[in-house]
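Morning, everyone. I'll take you through one model today, sheet by sheet. Please have the sequence and the structure open.

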Amino acid sequence: MDKNNITFLCKVVDNYGDIGFVYRLARSISRKNPQAKIRLIVSNLESFSKMAEGIDKNAPVQNFYFFDELNSREIQWTVFDWNADEECRKEFSLNPPEVLLECFQCGRPEWLEEILFDKKNTHFTQIVNVEYLTPDDWAEEFHLLQGGTRSPYIKKMNFVPGFTSKTGGLLFDEVFLKCVEDRNFAQDKLQSVLDEQSLKSFKDENSFNLTFFSYPREYGPVIAALKKYEKILLEKNPSAYISVFLANGLSQEGFLEECRKQNVDFKICKLPYLKQQEWDALLTLVHFNFVRGEDSFVRAALCGIPFFWHAYVQDEEFQLVKVDAFVNKMKPFFSEELFNLTKKFFLMYNRNFNLPLGQEAEQVFQNYQENGENIFVKDGGELLFELLLNYKQLKESFKSFSDSLISNGDLAEKLLAYINSISL
């Protein structure tokens with residue numbers, strides 16, 4: 001078995017989240033294993049092309065090259081359009097996958113299913129189901145749990161990213177970590193996409209910088225809290241100001257409209273669409289991050305900078321269960337008082353009051369009632385303002401949490417270690 005022959009399967013469900021993770025993981029594996037022969041099967045090449053310069057969204061099969069700046073070498077992958085049955089069937093019939101990374105339970109295209117489970121096929125393939133990131137406790141039980149298939153020649157294993165050492169960990173990305181360690185390196189990544197004033201704010205001690213990236217929501221409480229905090233900053237320093245780096249996307253116009261309603265004059269940089277490494281660099285340079293989506297969530301968690309995560313809204317507000325499970329992972333790194341404030345705001349920030357709470361989400365809030373607390377005493381804006389007033393302690397706590405995540409180990413390294421241990 002050629003363990004360097006690694007094929008990725010990516011079915012793009014949202015615009016950039018799935019392919020963003022796969023693109024980052026493939027780069028990291030290529031850097032760590034120069035002998036790796038990478039093939040990617042992607043269902044939406046248009047999304048991939050916006051992220052990776054050089055991808056032809058119309059090509060059924062193509063060679064893709066990128067420069068590994070950390071090791072000063074060019075890396076080549078072969079990229080296939082999931083929907084190009086004829087071309088894919090020809091390639092994978094002649095060269096079946098050895099290690100098949102099936103990302104986010106994406107399933108397999110029909111043409112590949114037929115190749116793998118053809119009764120005449122006696123070629124061994126190891127499928128690794130790379131799961132969605134979860135903060136739930138079951139991640140430890142499910143990680144490296146063997147799954148079944150309908151062929152003795154096709155093996156399957158579950159690989160679960162997570163926030164503890166008994167899971168697959170988080171995907172670090174070497175270039176991202178260099179941005180965390182070296183602000184000048186990070187700023188260089190943004191030279192061509194930000195204006196001079198925005199770039200200067202990273203070195204301006206008067207500026208309190210933050211990113212904002214969310215799903216559509218009520219923006220009023222966050223903006224009210226920031227407005228109130230800016231007033232406190234100005235009382236201490238008449239030159240102080242808040243700079244908001246407003247991500248391209250659905251949240252941009254809603255945020256700006258609420259600023260107009262509240263007569264707020266933050267310095268706002270309306271960001272264009274940023275490539276992955278540019279966005280990564282920005283997250284490391286600010287004082288606070290408001291993020292959404294798994295990939296940005298992981299970057300924010302590894303930055304060592306305070307952040308709040310807007311989870312994707314689910315039926316019966318089930319996202320609150322996920323948020324609660326995640327925040328509880330941070331508890332050992334916070335004082336009791338600061339943790340309670342942080343947890344309350346996380347939950348309020350993710351509550352959609354237009355939707356009824358399901359039984360599991362209701363239980364999250366009832367846990368507070370049992371402790372004699374009422375999470376609804378203060379609105380989200382008041383909670384955020386209190387957290388901002390405790391920014392120094394908040395930063396120390398988030399940094400400790402981030403350090404713990406890094407000590408758990410890198411997902412790419414753990415995945416490669418598992419691949420190297422495969423014995424069919």
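A definition to start: two strands pair if DSSP finds at least two bridges between them. Strands (E, at least two residues) and helices (H or I, at least four) are DSSP runs, numbered from the N terminus. With that, look at Leu-210: its bridge partner in S10 is Val-244.

Now the ground rules. This is a predicted model: local features need pLDDT of at least 70, side-chain atom pairs count only at pLDDT 80 or more, and totals for chains, interfaces and linings use all residues. Residues are numbered from 1 along each chain as its sequence is written, and side-chain values use heavy atoms, with hydrogens and water left out.

For angles in general, axes are lines fitted to C-alpha atoms, for helices over the stretch in contact, and angles run from 0 to 180 degrees between N-to-C directions.

Is strand S9 buried or exposed? Buried means under 20% relative accessible area, exposed over 50%, partly exposed in between, with a 1.4 Å probe and protein chains only. In S9 (residues 207-212), 6 of the 6 residues are buried, so the strand is largely enclosed by the rest of the structure. Ser-207, Asn-209 and Thr-211 point one way; Phe-208, Leu-210 and Phe-212 point the other.

What does S9 pair with? On one partner, S10 (residues 241-246), there are 6 bridges, running parallel. Phe-212 sits opposite Leu-246 there. With strand S12 (residues 288-292), S9 has 3 bridges, also in the parallel sense. Leu-210 stands opposite Phe-288 in S12.

S9, helix H9 (residues 220-236) and S10 form a right-handed β-α-β unit. Right-handed here means that, with the strands pointing away from the viewer, the path from the first strand over the helix to the second runs clockwise.

S7 joins S8 (residues 154-159) by 2 bridges, antiparallel. Gly-147 has Lys-156 as its bridge partner in S8. Contact means heavy atoms within 4.5 Å.

H18 (residues 411-421) also meets helix H1 (residues 17-32): the axes come within 9 Å and cross at roughly 65 degrees. From H1, the contact uses Phe-21, Leu-25, Ser-28, Ile-29 and Lys-32; from H18, Leu-411, Ala-412, Glu-413, Leu-415 and Leu-416.

Last stop, Ser-30, in H1. At 3% relative accessibility, Ser-30 counts as buried. Beyond its neighbours within four places in sequence, Ser-30 is in contact with Ile-38, Phe-66, Arg-73, Ile-75 and Trp-77.
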